[in-house]
Amino acid sequence: MIPADFLATFPADRRLSREEALGLVAVQDHTALHAAAARRRDAAHGDRVSYSRKVFIPLTRLCRDVCHYCTFAQPPQKGRAAYLSPDQVLAIAEAGRNAGCKEALFTLGDKPELRYATARAELHALGHASTLSYLAEMGELVLKRTGLLAHFNPGLMADDNLAALRSVSVSQGIMLESASSRLCEKGGPHHGSPDKHPALRIDTIRRAGEHAIPFTSGILIGIGESRAERIDALLALRDLNDRYGHIQEIIIQNFRPKPGTRMADAEAPSLHDHLWTIAVARLLFEAGMNLQAPPNLRPDELPALIDAGINDWGGVSPVTPDHVNPEAPWPHLAALAEATAAAGKVLTERLAIYPAFARQPRKWLSDRVRKPVGDLVDGDGWPRGDTWCPGRDSPLPQTELAFLHADPPRRIPHEITAILATVERGGLLTEQEIVQLFRARDQDFAAVCRAADVLRRVVNGDVVSYVVTRNINYTNICSFRCQFCAFSKGKLSENLRGRPYDLDLRAIADRAGEAWQRGATEVCMQGGIHPSYTGRTYLEIARAVRECVPGMHVHAFSPLEVFQGAKSLGIPVAEFLQALKAAGLGTLPGTAAEILDDEVRAVLCPDKLNTAEWLAVMRAAHATGLRSTATIMFGHVDRYEHWARHLIRIRDLQIETGGFTEFVPLPFVHMEAPIYLKGRSRPGPTFREVLLMHAVARLALHPHIVNIQASWVKLGAEGVRQCLGAGVNDLGGTLMDESISRAAGAAYGQEMTPQRMEAIIRAAGRVPRQRTTLYRDAPDERRTRSFLAGGRSAAIESPHVAALETH
C-alpha cells in the first residue's frame, strides 16, 4: 500500500518506481494524484500548454496491418490512387502554409507494398521501390516548396529508413501503444498486425535514439490492456529515453470505438481512467517530459486533462481533419486557448520539434533542416512570432510593444516577483533565475522590462547619455575565422563585402584629427588581426593619435588584439598594457567577448580567445588602471543559459575589479554573416529578446554596473527608443564611420548626429547629456563644436590606405 502522505510529499526530482506506480493502480480518489502530477508539470513547464499548428498529409491509407479499431487503413479501391501524388501533397502543404501552419504531419499505413500489388505498381510508377523512399521525397518537396517542417509517422523502420527520413524531417514518431504481446494474440486488437508487436516497435524507437532523432511515442489506452501493462509500456519508453534522451513527447491517447470496426462495441476508457493514466505517466517520467493528450478526443474535458498533468495538445490543424479520428474535429484555436485559460494556463505555439531539442540543432537536426528551424525559433527554441531582425530596417513587432505599453498586470507570477525582490535588496541572481527572466513572455515580459526601467530611474534618473566619437577600423584583414564576422577579409576569412584595406598611421591620425574638428572627445579604434601586426603596431597607432590630437581619448584595442600584441612581443599581457597606457591608450572596448561560454565559442570563434583568456586580459587591464566596456553579441547559436553565464562572469569580474564602465548588448546581425549563410545560426534575436537582454542586464548587473547601453547601429532610432523603457540609460557613440555592422548587412547608417541623438532621447521623455568616455560631462567647447559640425565626411582613403586585392 502507498502511504497516505506519499503523493503530497513526492519530490519533484524523483520518479515513481514500478512498485510505487503499481501501488497506485487501485487508487479511487485521484485528488492527491492529480495534484502531485500538476505540481511536477508546473515545476518544469510553468503556465504554458503548447500545441503545433499543423497540416495533416495522409500519404497513403493502405497498410499491411489490420488493427481491429482502425478506420484510417483501408484496402485498395478501384478508381482511387493508392498514394497522394506530388501535386496533391503540395496542394495540402500550401494550404497549410497559407493558414499559418509550420508542421506537415505525414501519416501513412505501414509498408503496404508488402501486401498489395497495387501499392507496388504505383510506387514503381512514382520511381520508388518502397513507401518510405517516396515519403522521403515528399518530405523534401514540402520543405523546399513551402518551408513546412515534416513530422513522419511511418511505422517500423530500419536504420537506412531512419537516416533517410531524418535528413528531411525535424521529428519522427511511432506509438508504442502497448508493451503487452498478449494483445497480438488471437482475439486481441493487434492480431494479424505484424508491425504492432511491442518488441519490434521498441526496436524502432531504440534505433531512432541511436540516430539522434527527436521522437514521439506513447500509449493507446482502453484496447484491452491492464493498468499494470500501461505502466510497463511507459517504463519501456522511459528506459529508452534514459539511454538516448530522444523522446520529446509521450502521448496518452484514449481509444474511441468506431463503427465498422471489430471493436465498434468495445467500451471506451472512462475520463477517470484516462486522467489516472496521465497523472501516473507524469510521475513516472522526469518533470521536463512533454505529456500530451489529443484535444479533439475529449473536447468537453480539456481543463481536466490539464489538471491531471499534460502540458501539450499535440498538432492542431486549421486546414485538414484528423484522418485517424475523422469523427472528432479539431477544436478551433480560440476555443482551445479559452479552455486552456480556464485551467490557468496559456496556450503557446511550438514547432514539430520541441524547444529543448530545437535549442541543440547540431545534435538533433540534419544539415538540411537546421537552417529552416533556425529561421523560425528564438533562443529558447520557441517560434519567433514575427520576421523582425536586428539591422534590418523594418517595423518593430507590435505584439511586444502592446504588452510593454499596456497597463501593468494585476498579478505577476511568484517566481518573477521573488527574483525582482532579490535584485531590489542587492542580491546576486543565479543562472537559473536569470534564465527565468529571459523566458518571460507577454505580461511577465512587460513586468521584467518595467522593473528594469524603475531601477534605471532610481540609479540614473531620467538622463540619457551619449558620446561624440569616431570609429576607426584601421584594417579589415584578419587571420582569424570568426563565423559571425562579415567585416574581416583575408586568405583565411570568409570574403563577402568590400576590398581588404590597411590604413597607415597618417590616415589614422588624419581621421582622429577630423573627428576632433567635429567635436569628438573619443576615437574608438579596432581592427582585424592582421598577420603582419605586432604589439609595436598597436603602440604606434596609439602614439600617432596622441601626437596628432593630444586631447583625444583613445578607446582602443579589443582584448584579442591586446593578447595577440603581447604574444607577438613575447611579454606578459600586463606589461603590454602598461606600454599601451604610456603610449596614450585611455580605455579598452569590451569587444571580442561575443558569448563568454566556451561551448558557444567553439562554434562561433574557435581560434579566438577562450572565456578565461578574455577575462584575464580584462582583469589585467583593470589592474593597470585602464577601464573598459563589456559587451555581449547574442542571438546566433547561443541559448539563454549562455546569456546568463555571460552576465554572471561579467558581474563577478566587476565585483572584483570595478573596471567596467558600461554593459553593451550587441544583437547579432545575420544578413551577411558567414555562419548564417551556411545555415548554422538563427537570424539574430527577436525583439522581445533584445528588450529583455537590456532589461535583464540592468537587473542582473545591479548595483555593480550602472550604465546599460543600446546600439542604434543594430536597432535603429525607434528600436533604441523602446529600449529606453527597458532599463537603458545610454545610447553609445555617434560613430561617424561605422563599418562592422554595415558589413554584416545593417541598414541604419554610419553616423548618428548629436541633433538626432538628442531628438530620440527627448521623444522618449528623457533628458539628453553629452558625455565623455568615462561618463563625465563633455566640455562645453566640445559640445558646441559637435553641434556646429555637418554630416559625415567621406572616409579618408587614398593615398594613405593600402588597398589589397582579394585572393
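Buried here means under 20% relative accessible area, exposed means over 50%, and partly exposed is what falls in between (1.4 Å probe, protein chains only). By that rule Arg-766, at 10% relative accessibility, counts as buried.

This is a predicted model, in which local features need pLDDT of at least 70 and side-chain atom pairs count only at pLDDT 80 or more, while totals for chains, interfaces and linings use all residues. Residues are numbered from 1 along each chain as its sequence is written, and side-chain values use heavy atoms, with hydrogens and water left out.

**Salt bridges**

Let's stay with Arg-766. Its side chain forms a salt bridge with Asp-453, with the closest N and O atoms 3.2 Å apart. Arg-766 sits in the loop between helix H30 (754-763) and strand E18 (767-771) and Asp-453 in helix H18, so the pair ties together parts that are 313 residues apart in sequence. Asp-453 counts as buried too, at 12% relative accessibility. Helices (H or I, at least four residues) and strands (E, at least two) are DSSP runs, numbered from the N terminus.

By the salt-bridge rule the count comes to 54. Here are three of them:

| Pair | N to O distance | Relative accessibility |
|---|---|---|
| Arg-766 and Asp-453 | 3.2 Å | Arg-766 10%, Asp-453 12% |
| Arg-256 and Glu-327 | 3.1 Å | Arg-256 24%, Glu-327 36% |
| Arg-651 and Asp-652 | 3.3 Å | Arg-651 5%, Asp-652 37% |

Take the pair Arg-256 and Glu-327, whose side chains meet in a salt bridge. The two come from distant parts of the chain, 71 residues apart: Arg-256 is in the loop between strand E6 (247-254) and helix H9 (271-284), and Glu-327 is in the loop between E8 and helix H11 (333-342). Arg-256 is partly exposed, and so is Glu-327. In the last pair of the table, Arg-651 is buried, whereas Asp-652 is partly exposed.

There's also a network of salt bridges, linking Asp-159, Asp-203, Arg-206, Arg-207 and Glu-210. Asp-159 turns up again in a distance: its C-alpha atom is 28 Å from that of Glu-185, although the two are 26 residues apart along the chain. Glu-185 belongs to the loop between strand E4 (171-173) and helix H7 (198-210), and it is partly exposed at 48% relative accessibility.

Most residues other than glycine have a negative phi, and most peptide bonds are trans. Which residues go the other way? One is Glu-177, with a positive phi near 70°. Glu-177 lies in the loop between E4 and H7 and is buried, with a relative accessible area of 10%. Leaving out residues up to four places away in sequence, Glu-177 touches Tyr-69, His-190, Lys-196, Arg-201, Gly-218, Ile-219 and Leu-220, where contact means heavy atoms within 4.5 Å.

Ala-592 has a positive phi as well, near 65°. Its place is the loop between E14 and helix H23 (598-604), and at 8% relative accessibility it counts as buried.

As for peptide bonds, a cis one joins His-702 and Pro-703, with omega about -5°. Pro-703 lies in the loop between helix H27 (687-701) and H28.

**Helices**

H28 (residues 712-723) is worth a look. Nine of the 12 residues are buried, so H28 is largely enclosed by the rest of the structure. Among the buried ones are Trp-712, Val-713 and Leu-715.

Helix H14 (residues 367-376) holds Pro-372, which is buried at 18% relative accessibility. Beyond its neighbours within four places in sequence, Pro-372 is in contact with Leu-143 and Leu-149.

**Strands**

Two strands pair if DSSP finds at least two bridges between them. Strand E1 (residues 48-60) and E8 pair in the parallel sense over three bridges, with Ser-52 opposite Gly-315 in E8. Five of the five residues of E8 (residues 312-316) are buried, so this strand is largely enclosed by the rest of the structure.

Strand E13 (residues 553-556) runs parallel to strand E14 (residues 585-588), joined by two bridges. E14 in turn pairs with strand E15 (residues 627-634), in the parallel sense and over two bridges.

Note on methods:
Salt bridge = Lys/Arg side-chain N within 4 Å of Asp/Glu carboxyl O.
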